[in-house]
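Subject: Structure handover

Hello,

Here is the structure for you to look over.

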Amino acid sequence: MSQNHLPQFQKAFLHPKHWGFWLGLGIYWLILCLPYPILVKMGRGLGWLFGRLGVGKRRAAIARRNLELAFPERPEQWREKVLQANMQNVGMALLETGMAWFWSDKRIKKWSKIEGLEHLKDNAKDGIILVGVHFLTLELGARIIGLYHPGVGVYRPNDKPLMDWLQTWGRLRSNKHMLNRKDLRGMLKALRQGETIWYAPDHDYGRKSAVFIPFFAVQDAATTTGSYYLLKASPKSKVIPFAPLRNKDNSGYTIIISSPVDFTDVTTERDVAIRMNSIVETEILKGVDQYMWLHRRFKTEQDGDDGKKYR
């Protein structure tokens, strides 16, 4: 999706069938006006409920299995402690998305800091592939970075037009424009123009355009080959990872931007993917309980028996 085809506000969004949505959004906005320490307590409570009700219980089971697969050498007590913290962080993410979209720049800056911003400033002219893995804080992390170094967001359009417009509006508060995650041509054009694009290669995107390589303790994790093609088509671009972390003392957020990672010595799809997975692992270990363990990261199987690890 190009900048010219981003979702626009429609009069149809004001139809009575959407009034419930607008009422809920207004209540959500009012909640976000509460002091941050209160939001933290509310978020943890929401996460506690999420892990015990309906779809939340199913997602918690997936997260537990992912932790078993990724960290089999860790004691069960450690994994369970991470899981419980992860569920609380899911609740916080429900509020942090709204914080990212609706908080003022002043309030965002009050509760955040950035380490390593010079890595973006010093390499901007070459184009930057900003590796932002799927932390639960990713929406807020992108907003924070965008306040200091605006870039191009990469996203999956929402199937519901009203929600698609809202999330795009929120993300454009600190991004130059947005691209559909399938728009490889648009990404390459942005990189060649010296832009920074947000890129997340850590999910299981299916068998198409994937190699099966190690990811933590899983030796055959389906991993996108998109990284190889991005680097091949834009060899001057710098690969820079970052981790958006919620501070343990509830003092806000710290964005840790790492130095560029060299890919010049790897030339195959597999080797590029292996190095990218190594980057992803390093970032996740900075905040294991804040990572999005809720999706079936290891569902695609090399032998075609997809989902067997979760049965």
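A nonpolar core here means a set of buried Ala, Val, Leu, Ile, Met, Phe, Trp, Tyr and Cys residues joined through side-chain atoms within 4.5 Å. Please keep in mind that this is a predicted model.

**Cores**

The largest nonpolar core has 49 residues. Ile129, Ile197, Leu230, Val239, Phe263, Ile284 and Trp293 touch the most other members. Helix 3, residues 54-70, gives the most to this core: six residues. There is also a second, separate core of 32 residues. Tyr36, Ala100, Ile128 and Phe242 are among its members.

What does Ile284 touch, leaving aside its neighbours within four places in sequence? Its contacts are Val133, Phe135, Phe215, Phe216, Tyr291 and Trp293.

**Rings**

Several of those names come back among the aromatics. Ring pairs join Phe71, Trp78, Phe135, Phe215, Phe216, Tyr291, Trp293 and Phe298 into a cluster. Trp78 also has a charge over its ring: the charged end of Arg74 sits 4.3 Å from the ring centre. Lys109 does likewise with Tyr148, its charged end sitting over the ring at 5.5 Å from the centre.

The structure holds 20 aromatic pairs. Two are worked through here.

- Phe9 and Trp165 pair edge-to-face, with 5.1 Å centre to centre and 70° between the planes. The pair links distant parts of the chain, 156 residues apart. Phe9 lies in the segment before helix 1 (19-32), and Trp165 in helix 8 (residues 161-171). Trp165 counts as buried because its relative accessible area is 17%, under the 20% cut-off. Phe9 is partly exposed, at 41%.
- Phe21 and Trp22 are also an edge-to-face pair, at 5.6 Å centre to centre and 80° between the planes. Phe21 is partly exposed, with a relative accessible area of 29%. Trp22 is partly exposed too, at 26% relative accessibility.

Helix 10 (226-233) and strand 8 (238-246) each supply at least two lining residues. Helix 10 has the largest share, with three residues.

Best wishes

Technical notes:
Residues numbered from 1 in each chain as written. Heavy atoms only, no water. Buried < 20%, exposed > 50% of the residue type's maximum accessible area, 1.4 Å probe, protein only. Helix = DSSP H or I, 4+ residues; strand = E, 2+ residues; numbered from the N terminus. Contact = heavy atoms within 4.5 Å. Phe/Tyr/Trp six-rings, centres within 6.5 Å; stacked < 30°, edge-to-face > 60°. Lys NZ or Arg CZ within 6 Å of the ring centre and 35° of its normal.
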